[in-house]
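Let's take a friendly walk through a protein model together. Have a look at the sequence and the 3D view first.

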Amino acid sequence: MDIVGVLADAMRTAVGPIAAAYAIAGIGLNLQFGYTGLLNFGHVAFMLVGAYGTAITVDDGGPLWLGILVGMGAAILLGLLFGLPTLRLRADYLAIVTIAAAEVLRIVVRGGGESSFTHGVFGIQRFANSFFDANPIPGGDYGIGRLSFTQRGLWVLAVGWSVVALTAVLVALIARSPWGRILRAIREDEDAARSLGKNTFVVKLQSLVVGGAIASLAGTLLAIDRQDVRPDTYLPIVTFAIYTMVILGGPATRLGPILGAIVYWFILQFTDSFLREAIDAGWIPTSIISADDIAPVRFALVGLGLMLLMIFRPQGMFGRREEVLIDGR
Amino acid sequence: MGAELPTREPARTVTTIPPVPGVAKSDPILTVSSLHRRFGGLVAVDVEHLEVERNRITALIGPNGAGKTTLFNLLTGFDHPDRGEWRFDGRSLHRMPAYAVARTGLVRTFQLTKALARMTVLDNMMLAASGQRGERLRNSLFANVWRAQERVLRSRAVDLLERFGLAQMRDDYAGTLSGGQRKLLEIARALMAEPRMLLLDEPTAGVNPALVQSILQHVKSLRDEGMTILFVEHDMDVVMGISDWVVCMTEGWIIAEGVPASIVANEAVIDAYLGARRAEGTR
């Protein structure tokens, strides 16, 4: 049993580019769901348009920076598309429309053949070379002991976590403003905010669009890291994983989505590596859990952890307990 | 303007107005004509004509289901009529969304209090202020644009909280307040929006007797400072005690209006409302 190796694996994933991308998406969702109370169940669609906006633009000969902006612009349009017809209606309609529209979008992107501009199921590869060419980090491996990253990995990490920091500061600043106060009022009771002269429709739309634009950066980061976009990366389960992270960290907190993403990926990778080692070492007989079962079992363990958290710490890691105990009426 | 009036008995100035449904007032701030709202086969509101006198406390009474709250919803843009017209201080509010109605100075409260539970009492108050620069998304990032205004609003909010006896709770979550304190907070919060007329939907419902007196005292002193108040109330003692004028609705219609004394003597009101209550043996 190589416990140091297991921990190093878990740490590498917890601070890795995927965790950074999910943290960014979580920061966007936290604005929409945590502060404003919007039930956006199609968050993954914002990541999809971010990733595809970037990939398609570069694939058609555009520069990478333009691709990132195109992705963000597409996310803003998508936010308007989601919000304009639904945000005047009861809260549930946004949930229904977003979850359906996100799937429709994925299936449409998937539907084209290889000659379509999304390249259908084949996706688009090797569009971020200019990003890696700009890597200023000298060659070699970096890290402490067994926890190490390549020159390439470190560059993605540096950029990724910088974006995490920037978006987290941005959301923290706008959330503590009078505009942010309207967000929380909408979450608590939208009619009360309307009765006090607040145009809640516009503010909800702004929250949805800004959160979506942030999530597009998460999609872009994931795509750049893998140098690959494929429609089937953007399944609805991604949205719910992000919800898990936001709730784990504590909704409407500044650091919640970031720490939520780190802890989520740590637990997921730790259980994966740990179970693998335990099976190899013969601690767990393969008649109980075989190597093929590890992937589902680790999600079951994350689910169990989340249940325990909701029972013993319903406010998440960073939330305030008093807030949860308050009767909403 | 109300402060200079002989406010001990403001009712005297309206006693000359005949107690007839739809009667014209000398200085109406709110005028409603032919307002009609139907829910399926049920006519919820069918008001031919109603005027609400400025700087007076007008009570809106009627049995459950009379359409009082629906009328409030229509007047404040929370519901839209099938037809009808209403003007607030000469300005038509027809088809105006709720937030825009509030910005004209016609602010309502709710039957079931809508304290913003997981926000502090002070944040509840600050939210209500109008014309905040920091409420624009593009300004929200730049605290220097709105910090000074926030300071002014905070001191105004604290003053109002002092007046309503809530100043000690300013940093508590509104969700921790008692039912009566929430009603007070809702009125104080509405005032933060600087209204010219308040629509209070059952401001004393579910409030303990001591706080009821405090709420009524506040309503009276607001009137004395020039505010116009229209309120829905079930407790006849409250209605008789503080209102200058009473409007009685049944099944969407206004069946009677007049000074409180004339309303208790009105046959139609006794039949439709007081009589029914007496027969049930309630209150």
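This report covers pockets, paired strands and domains.

This is a predicted model, in which local features need pLDDT of at least 70, side-chain atom pairs count only at pLDDT 80 or more, and totals for chains, interfaces and linings use all residues. Residues are numbered from 1 along each chain as its sequence is written, chains are lettered from A and ligands numbered from 1 in the order in which they are written, and side-chain values use heavy atoms, leaving out hydrogens and water.

**Pockets**

Rolling a probe the size of a water molecule over the atoms shows where empty space is left. On a 1 Å grid over the protein atoms alone, a pocket is an open set of points where a 1.4 Å probe fits, with protein on both sides within 12 Å along at least five of seven lines; lining residues have an atom within 4 Å of a point. Volume is the space filled by probe spheres set on the points, which are joined across faces, edges and corners.

The largest pocket has a volume of about 1,100 Å³. Its lining has 39 residues, and among those closest to the centre are Arg184(A) and Glu323(A). Helix H8 of chain A gives the most to this lining, with 5 residues; helices are DSSP runs of H or I with at least four residues, strands are runs of E with at least two, and both are numbered from the N terminus.

The second largest pocket holds about 650 Å³ of space. Of the 28 residues lining this second pocket, Leu87(A) and Lys204(A) are among the closest to its centre. Here too H8(A) gives the largest share, 4 residues.

**Strands of chain B**

Two strands pair if DSSP finds at least two bridges between them. E1(B) (residues 28–39) and E2(B) (residues 42–53) pair in the antiparallel sense over 10 bridges. They form a hairpin with 2 residues between them, and Gly40(B) in the turn has a positive phi of about 60°. E1(B) also pairs with E4(B) (residues 83–88), in the antiparallel sense over 5 bridges.

**Domains of chain B**

Chain B is divided into domain 1 (10–115 + 196–280) and domain 2 (117–176), with bounds from an automatic or database domain assignment. Their centres, taken over C-alpha atoms, are separated by 30 Å.
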